[in-house]
Amino acid sequence: MHKPVRNAWKFCRRHLSVGTQPKPVLSTKETLTDLFGRYHNYLRISLTERCNLRCQYCMPEEGVKLTEKPHLLTTDEVIKIARLFVKEGVDKIRLTGGEPTVRKDLPDIIYNLKQIEGLKTVAMTTNGLVLTKQLVALQKAGLDIVNVSLDTLVAEKYEKITRRKGWNRVMMGIDLALQLGYNPVKVNCVVMKDFNENEIVDFVRLTKDRSVDVRFIEYMPFTGNKWEVNKLIPYKSMLGMIQAEWPDFQPLKNAPNDTSKAWKVPGYKGQVGFITSMSEHFCGTCNRVRITADGNLKVCLFGNTEISLRDAIRSKCSDDDLTALISAAVKRKKKQHAETRKTPFMPNLTYHNSILSHLYSQKPFQYTQRMYCTKLTHTDDQGKVAMVDTGEKPETTRIAVATATVQLNSEITLLIRENLIKKGDVLTIAEIAGIMSAKNTSSIVPLCHNIPLSHVQVKAKLKEETCEVHITSSVRCDGKTGVEMEALVAASTAALTVYDMCKAVSKGIVIKEVKLLSKSGGKSGDYHAPEEIHVRDFNRKPTRNQWLPFVGPV
Ligand code: SAM
Ligand code: SF4
């Protein structure tokens, strides 16, 4: 296991130039290829949820509810996750946030990422506020690419949109990046109606003498950013404004996975790009996956599904299990955003229902250690639910025993004992119901096979001392798959039948402890529940010699 090193970037001269190219390693690409043939070689890691700005379109004034520190990824965990992805073929990692520069271990993270064989590029997206203080160290640590977000060229407007001062510092940060040899420096500008649309041409002018790549981002509305949906300026409108000033504004060739459509004013040093996440999504060529600051893997920015790699790592899952987990998540990636619908103001435009709110608010599913560390058996190679193919399995004798307990009150106990329940003989009918349901398990539990059963026995026994009915089911088959679901369905249904027959007396009946006691036969081996099974009670007839005092409803 490689241990990340601390502070080595301070002494390292190796990365003083940008864009170093380590030796590529071979990968099968299988893990990171989804069902639509998209190969994900680009990982974005959010290092923090914190930020030193409060951009109106991104964060509420009071900030966002932060995940507690122990739940965030440590430096070592970031590196471990990165290493896993690089081993599977990721060759570009972008550090983002929140604001990545607020994280103190940022140089360490960059340095250790750069030690991973096969990783070609480490990039960062920042608001640029502290670049003048940090960029030299970050470059020394190995940072290859820097993108700076800046939405206005007017200092007062900057203060309005970010709710903080700092425009001068960001501009100086961009200039420093250029001086340090970052070429181009990408400048991200979110375009908003009635805020900075009139600055579009000024931003293009910025590319005249500087090697900057100004990328106009279509504003993405989302619940909570307090900006109206109609703040969006679609790419085609931006293009129109620029072409009015520069009729020879020309498109450039884009690489297959580019999210930005590149353009240029002929003769200008820098160039322009459009990130059209709203008007023309780029799902078809999406090659990126994301890790949130608390270690969740998100295969789509707009999808809700997350799996916690942090929890898997902290549960000591092996690298193979982690890789299997990543692969399963990638295979579940949808063809395009889950939630898109037509905007009311532009019928040809689709927009995302939830957009960015989930970046900060949504909680992932909780997975148990067992779920991380075992491969999914009831999904096919496309990640969809599927029955297990038992065709190749050998036939063996399989037996499963399950139990359920029904807690009654003393009145019902008495009535059952005396066979005075109006609906009939509770225990006998419960037993018959259990047997019938076992035979119908495959029509109740979706992924169960329809198995010819050789024997089903269900016993319902009244325990007068505790006012309970104890149900035991035993199911046997000679076949290719187990019968524990049949036994569990039998016990559950018998318990439900007791409830149904007695509910007119009291609704306070509780069905509890439905469990598998044992199973035998089959490849996965025998199983015995840890608690002692009173198998000797299995065939004993209920006694009818006790009279319990009436103590009211349960
Ligand atoms: N704090 C860093 C920064 O601002 O560059 C990195 C994180 S920030 C979330 C990444 C990018 O998302 C920034 O370029 C920002 O402008 C963009 N962004 C945030 N909210 C947006 C929105 N509602 N619509 C479009 N872009 C947005
Ligand atoms: Fe902070 Fe970046 Fe969001 Fe602005 S866009 S509030 S700088 S995280």
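Me: Helices (H or I, at least four residues) and strands (E, at least two) are DSSP runs, numbered from the N terminus. With elements named in that way, in which loop of this predicted model does Pro184 lie?
Reply: The peptide bond that runs from Asn183 to Pro184 is cis, with omega near 0 degrees. As for the place of Pro184 in the chain, the residue lies in the loop between H5 and S5.

Me: Which residue does a cis peptide bond join to Gly97, and what is omega there?
Reply: The partner of Gly97 is Gly98, a residue of the loop between strand S2 (92-96) and helix H2 (106-114). Gly98 is also one of the residues around ligand 2. For the cis bond that joins Gly97 and Gly98, omega is about 25 degrees.

Me: Which strands each supply at least two residues of the shell around ligand 1?
Reply: The shell around ligand 1 has eight nonpolar, nine polar and two charged residues. Of the 19 residues around this ligand, Tyr57, Gly98, Glu99, Ser149 and Met220 come nearest. The strands that each supply at least two residues of that shell are S3 (121-126), S5 (185-191) and S6 (212-218).

Me: How many charged residues does the shell around ligand 2 have?
Reply: The residues around ligand 2 are Cys51, Leu53, Cys55, Cys58, Met59, Gly98 and Asn127. By class, five of the shell residues are nonpolar and two are polar, and the number of charged residues is none.

Me: Are the packed helices H3 and H5 roughly parallel or roughly antiparallel?
Reply: Helix H3 (residues 131-141) and helix H5 (residues 167-179) pack with their axes 9 Å apart, at an angle of about 25 degrees. Angles under 35 degrees count as roughly parallel, so H3 and H5 are roughly parallel.

Me: What is phi of Asn419?
Reply: Asn419 is found in the loop between helix H12 (410-417) and helix H13 (426-439). The residue is not a glycine, yet its phi is positive. The value is near 55 degrees.

Technical notes. Residues are numbered from 1 along each chain as its sequence is written. Chains are lettered from A and ligands numbered from 1 in the order in which they are written. This is a predicted model: local features need pLDDT of at least 70, side-chain atom pairs count only at pLDDT 80 or more; totals for chains, interfaces and linings use all residues. Side-chain values use heavy atoms; hydrogens and water are left out. A residue is near a molecule or strand if one of its heavy atoms lies within 4 Å of it. Ala, Val, Leu, Ile, Met, Phe, Trp, Tyr, Cys and Pro count as nonpolar, Asp, Glu, Lys and Arg as charged, and the others, Gly among them, as polar. Axes are lines fitted to C-alpha atoms, for helices over the stretch in contact, and angles run from 0 to 180 degrees between N-to-C directions. Angles under 35 degrees count as roughly parallel, over 145 as roughly antiparallel, 65 to 115 as roughly perpendicular and the rest as oblique.
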